Each structure stands twice: as structure tokens, then as C-alpha cells.
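Have the viewer open as you read.

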Amino acid sequence: MKTLIVHAHPDPKSLNSSLKDLAVSTLTAAGHEVRVSDLYAMDWKATVDAADYGPDASSPLRVALDSGRAFEAGTLSPDVRAEQEKLLWADTIVFQFPLWWYTMPAILKGWVDRVFTHRFAYGVGEHSATKYGERFGEGTLAGRRALLSVTLGGPESHYSARGINGPIDDLLFPFQHGVLYHPGVEVLPPFLLYSADRLTPEDYPDVAKAWQERLLTLESTEPIAFRRQNFGDYEIPSLHLKEGLEPAGRTGFGLHVRG
């Protein structure tokens, strides 16, 4: 297994950094190849601008078209191209980050904005009467698997179906379905550490054991059963889920998960 770990926490002494380091040592000891993109340590530029697209940047800037043109021409900035090459190298991607204000840290969102360019992560494949591009189950990154490892400040009850913060599956849906599944990545159920700010050093061995168990079962874990776009569940071109496919009473993001 070839694993890319994308890590987003500013403190190398943090719980997130410890989990990242444990992932590296655990997977390496098991014989897997591991690469790490430690975004804060890399001083990753989180904002898209014309410099990302070199001579293919237009004025005014048209992010989708310019990024696609630069990708195809090989003129994307070197840091972006390096991250795309890591994604193409990997068969598994682990994202290690804290949930801040109900989403990923800005530096990680900036990594997505810059690396998931047009013609690489989206805007690929044919558009016809029966197919709406290669996405949501197909695409450039099809055949890869991803896992979100997320620390959360609040207790699990706050992220339940009736919890004040909303269901954790809903909060993670934009990343898991909208970012990762869109270009074809199969997404595994996340590894979640609730009440992370309240963990003590005495709690860490149990956390570490649970994390190692997840890491060593990455290849055998069943992915979230997101519906594939072009395989009969959706009307095209409206991309509405066909009537009668949803389980009774299911609404919202859950409509796009089978079973």
C-alpha cells in the first residue's frame, strides 16, 4: 500500500501531530510506503492566485478554466504539481486534522482549492445524454481510498442526529462526498476523536491502539456506500435521485448513500 498523509495542524507537539507520526511509524513497520504533506511545516500557500497558473493565467482570472489549461499544459506552479503527483502515486490518502468551526482548517481547504484543479479533479470525461462527466464514483482518482482522521473538541452527543452541532456525517459530507468522492476516491468511515481537548496523557495509549487498529485495516474496511452518478440512480442531466430509491424517511445528504 502506498499512503499519502495530508496533515494540517500548526503544532508539532499536538495530538494531531502525534497521530500523524504514529500513522507513519505504524504503516512503515507494516511494510507500506508512506509520504507526508505536512502543510504547516511546508508553509503551504493556502490562497489561489494567478501565480498558480503561470503563463496560462488570464485577466480577469478565471480559476476553473485557467487551472485546467495550466494543468494540461504542465504550467501549474511546482508546489501544486508536486501534490498532484503524490495523489497519483498513492493508493490510500489519510487526512489528519482538527475540526475547526465545523470544517477543515483553512490551510487544508487551501490545499484542496489549489491542488484539485480543473481537468485533474473535475471537468473530466464525456457529457452526453447518458453520462454527465466522470465524477462521483469515476474520475482521475478512481481506485484510491481515503480516510479522514479528525479530532473534535465537543463530546460525541453534540454531533449526533439531535445534537446541537448537527450530525457528524453531515458536517463531513462536503469533504467526503463533495471533495473526495467527486474525482472518484472511495471514502472509508472516518476515525473520530471526540472531546479531544479533554484527553489526558493517560488516555493516549487507548487512543493510539484504536488508531493503529484502523490503520492496519485500511485495505479491508468497506467504504461509505455513496451512490455512483452515472450508473442508474440519478436522472441525467438534472442529477436528481430517481424516485423510490431512497429508504423510507431518509432525507438530506443521506439520500446519496445506498442502503
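In this predicted model, the buried residues of helix H6 are covered by parts that include helix H1 (15-29), strand E3 (92-98), strand E4 (145-151) and strand E6 (191-193). Those buried residues are Val207, Ala208, Trp211, Arg214 and Leu215. Looking down the axis of H6, you will find them within an arc of 125 degrees, so they line one face of the helix. Asp206 and Lys209 are exposed, on the face turned away from that buried side.

Now to the charges. The whole structure holds 15 salt bridges, and the table lists some of them.

| Salt bridge | N to O distance |
|---|---|
| Asp38 and Lys20 | 3.8 Å |
| Lys86 and Glu83 | 2.8 Å |
| Arg227 and Asp233 | 3.0 Å |

Take Asp38 and Lys20, which form a salt bridge. Asp38 belongs to strand E2 (residues 33-38) and Lys20 to helix H1, so this pair ties together parts 18 residues apart in sequence. Asp38 is buried at 17% relative accessible area, and Lys20 is buried at 12%.

Lys86 and Glu83, by contrast, sit in helix H3 (residues 78-89), three residues apart, or about one turn of the helix. Lys86 has a relative accessible area of 16%, while Glu83 has 1%; because buried means under 20%, both values qualify.

Finally, a network of salt bridges links Lys45, Asp49, Asp52, Asp79 and Arg114.

Conventions
Residues are numbered from 1 along each chain as its sequence is written. This is a predicted model: local features need pLDDT of at least 70, side-chain atom pairs count only at pLDDT 80 or more; totals for chains, interfaces and linings use all residues. Side-chain values use heavy atoms; hydrogens and water are left out. Buried means under 20% relative accessible area, exposed over 50%, partly exposed in between (1.4 Å probe, protein chains only). Helices (H or I, at least four residues) and strands (E, at least two) are DSSP runs, numbered from the N terminus. The arc is that of the directions from the helix axis to the C-beta atoms. Contact means heavy atoms within 4.5 Å. A salt bridge is a side-chain nitrogen of Lys or Arg within 4 Å of a carboxyl oxygen of Asp or Glu.
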